[in-house]
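Subject: Model for your files

Hello,

The structure is below, and my notes on it follow. Please read them with the model open.

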Amino acid sequence: MSSSIEILKEAFFDTDHVLIATDEADQYTAGCSDNAQNMWVKFYLITSNSKIIDAKYEVKGCQYLVALTSLFTNSIINQDIFCLADFDYQSLVSLIDLPKNRQDRLFLLEDAVKDCINHFERG
Amino acid sequence: MKNKIYFDYASTTPIAKEVKQDMGAALEDDLLGNASSLDHEFGVDASQAIELARQDIAELINAETAEIIWTSGATESNNLALYGVCNFKPQGQPLSIASSYTEHKSVIEPLMELQRKGHRVEFIEPNKYGYLDPASIAKILDRGLDLFSCMHVNNEIGSVNDIALIGSMCREKNIIFHVDAAQSIGKLPVDVEQNNIDLMSLSAHKIYGPKGIGALFINQRTVGRLQPLMSGGGQERAMRPGTLATHQIIGMAAAYRLAKANMENDLIHLTKCRDLFLQLTGDIEGLMINGDTHNTFPGIISISLPDLHAESLLFAMDKVAISKGSACSSESDEPSHVLKSMGLGREEIEGTVRVSFGRNTRFKEIEVLTQSLKKAVDHLRLLKGGI
């Protein structure tokens, strides 16, 4: 059983789902959000029907935002895109022991996901 | 033992071996006495040890021993200097005070409180390098001030104010000159006589001494007395009552003696550290050095990577201990008031980290630091799509 700090570090340094130059960004359904502290998240999803078959991200922000984005992206592959609207963001809080004064990072995730769903619905 | 290399000497320094030895000896039973209890030899011995320590502090800054008042550190010294001058004046007589936006919070917050109490307080902007221009100081001194307060070396960027020049300008106009020397004492030469300083705040833990002890220099000829912050004892000429912490004071004196002996070599070493750091980081795209190449204390370097987030940069550098902005404000999300006053934008401030070197820093460690920084920058840039 990994400790929350180990999970935080592992997720922070994990780049498996980071969008890279060779990925064709226009193949993905994208969604993004930002805040006043110059942090931002972008999600890129490939779906088959409404099932997410691949997910990528780009992120700029504190270590918690990076780790949350990485953990979230890993957990949504093979899920239905419409189920994301009900995603339990609080499960990520305990996983990395997210400090109270950093919990606003979850709003960035949530807003980027909503943006993705909107783009998906609009085709 | 933490497995990180320490690069946060501006925040605090490790206690020097010689200081620990002297403090250890002071904690033995021989000096168990209360320095105010002069009815027996225990108290007398403690008192004598404290007076010898006071002499070491005075010698470093060319002051008289009677001009040194022990405090708990530079924060208390700053508070005592500012409130002490203002509260010593008869009630209802507002003073005119000026300082700068680059000061430590322990100067800015008391001044804001004094302003709320009716004193006239003005803050001046530094130039883009973070130090005060003589022209802007002359302008504000011409308005007829009672007190001018500024720091010698800035804790966030290492910029150095010309205290000799400011001191002469203040003395000419009979303005009380307070210097916050927390970051410079023992690192750069300071002569209170030559620099026309009236009040000066001193720290121990920034120069390999213990935490929890400091001092305030009070020029006997020009200031003489201050209104104490506390009451309840006559210690320190009633300006700072309370039983003196013998072992802390002895530790501070040992650190000051060491600083006096090593100052020149320390400065040469820190300059080499800075030069090596700048040389090894010269190829990092977008890296900005905050401050000047002149008027800078070489032990502190503030760097900005405006496209990155400082907190994640620190997290990614898992082999080294550096700080985001200044340690005093690193718990807060508020952007640094110092960098803001220098005209840096929000992104530049959010991407700022401070590296500070010390007597124990090795060149090999700086190589590890710069490698770690480059690796962190590459990782964070990859996360944001290589932009």
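Helix α2 of chain B runs over residues 41-61; its 21 residues reach 31 Å from the first C-alpha to the last, close to the 30 Å expected at 1.5 Å a residue (the expected span being 1.5 Å times one less than the number of residues). Helices here are DSSP runs of H or I with at least four residues, strands are runs of E with at least two, and both are numbered from the N terminus.

This is a predicted model, in which local features need pLDDT of at least 70 and side-chain atom pairs count only at pLDDT 80 or more, while totals for chains, interfaces and linings use all residues. Residues are numbered from 1 along each chain as its sequence is written, and chains are lettered from A and ligands numbered from 1 in the order in which they are written.

The buried residues of α2(B) are A46(B), A49(B), I50(B), A53(B), R54(B), D56(B), I57(B), L60(B) and I61(B). They lie on the same side of α2(B) because they cover an arc of only 155° around the axis, taken from the directions from the helix axis to the C-beta atoms. On the face turned away from that buried side, E41(B) and E51(B) are exposed. (Buried means 20 or more other C-beta atoms within 10 Å of the residue's own, exposed 12 or fewer, partly exposed in between, with C-beta atoms placed from the backbone.) The cover over the buried residues includes α1 (17-26), β2, β7, β8 and α7 (246-281) of chain B; contact means C-beta atoms, placed from the backbone, within 7 Å. After α2(B) comes N62(B), with a positive phi near 60°.

Chain B also has an open sheet of 7 strands with mixed pairing, in the order β2-β8-β7-β6-β5-β3-β4, where pairing requires at least two DSSP bridges between two strands. Its edge strands, β2 (68-71) and β4 (120-124) of chain B, each pair on one side only. β3 (residues 96-100) of chain B pairs with β4(B) in the parallel sense over 5 bridges, and A98(B) stands opposite E122(B) in β4(B). Helix α4 (residues 105-116) of chain B packs on the sheet, touching β3, β4, β5 and β6 of chain B, and its direction makes about 150° with that of β3(B). (Axes are lines fitted to C-alpha atoms, for helices over the stretch in contact, and angles run from 0 to 180 degrees between N-to-C directions.)

As for the other chain, 12 residues of chain B are in contact with 15 residues of chain A. On the chain B side, α8 (310-316), α10 (346-350) and α11 (363-383) each supply at least two residues.

Regards

Definitions and conventions
Two residues are in contact if their C-beta atoms, placed from the backbone, lie within 7 Å.
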